[in-house]
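Have the viewer open and follow along.

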Amino acid sequence: MKFYTIKAEQQIPISLGEAWDFFSSPLNLQKITPKEMNFVVTSDYTTATKMYEGMLITYTITPLFGIKMNWMTEITHIKDGEYFIDEQRFGPYSLWHHEHHFKEVKGGVLMTDFLYYAMPLSALGRLANAAIVSGKVKKIFEFREKAILELFGAMSGV
């Protein structure tokens, strides 16, 4: 199985507490995901729901060619105010392991993501990743960076 890795970093001019509250809420993921993906959290959570280890989150998503898919991730690890990890339990990937790290820096927070994923279907999956999926995943992170900038602004001097 071939694994792919993406690392993304962004400085955000908000407190660590504000960053943690926003990014650890499953319902906020829709706000930073491209609209054309039709990302909808289908779990019965509210804005008051707090993340916990073992939490299962279900979604519908339209990642490619207008095909609607169900997706389930589990929050596998949390260190409050520092990081959380979500892993796919059901969905389009053979492996999806996404680490979200937060660190207080001068003027705000440094958010660092590490995404490790693998495609199903061996050679066909590698071909699909090279032709479509890798670029699509990178565009999702690029969109997210712009959406976060619109929501919270830019760090001064950055």
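This is a predicted model: local features need pLDDT of at least 70, side-chain atom pairs count only at pLDDT 80 or more; totals for chains, interfaces and linings use all residues.

Residues are numbered from 1 along each chain as its sequence is written, and side-chain values use heavy atoms, with hydrogens and water left out.

Rolling a probe the size of a water molecule over the atoms shows where empty space is left. Here a pocket is an open set of points on a 1 Å grid over the protein atoms alone, where a 1.4 Å probe fits, with protein on both sides within 12 Å along at least five of seven lines; lining residues have an atom within 4 Å of a point. The largest pocket holds about 850 Å³, a volume being the space filled by probe spheres set on the points. Its lining runs to 43 residues, with Ile-61, Trp-71, Tyr-93, Trp-96 and Ile-140 nearest the centre. By class that lining is 32 nonpolar, 8 polar and 3 charged residues, where Ala, Val, Leu, Ile, Met, Phe, Trp, Tyr, Cys and Pro count as nonpolar, Asp, Glu, Lys and Arg as charged, and the others, Gly among them, as polar. Helix 2 (122-152) gives the largest share, 9 residues; helices (H or I, at least four residues) and strands (E, at least two) are DSSP runs, numbered from the N terminus.

The second largest pocket has about 160 Å³ of space. Its lining includes Trp-20, Asp-21, Lys-50 and Asp-80, and splits into 3 nonpolar, 4 polar and 3 charged residues.

Now for helix 1 (16-23). Its buried residues are Ala-19, Trp-20, Phe-22 and Phe-23, buried meaning under 20% relative accessible area with a 1.4 Å probe, protein chains only. Among the elements they pack against are strand 1 (3-12) and helix 2.

Helix 2 has a kink of about 60 degrees centred on Asn-129, the bend being the angle between axes fitted to the seven residues ending there and the seven starting there. Asn-129 is also one of the buried residues of helix 2. Just after helix 2, Gly-153 takes a positive phi of about 85 degrees.

Last stop: Thr-5, found in strand 1. Thr-5 is exposed, at 51% relative accessible area, the cut-off being over 50%. Thr-5 touches Leu-115 and Tyr-116, not counting residues up to four places away in sequence; contact means heavy atoms within 4.5 Å.
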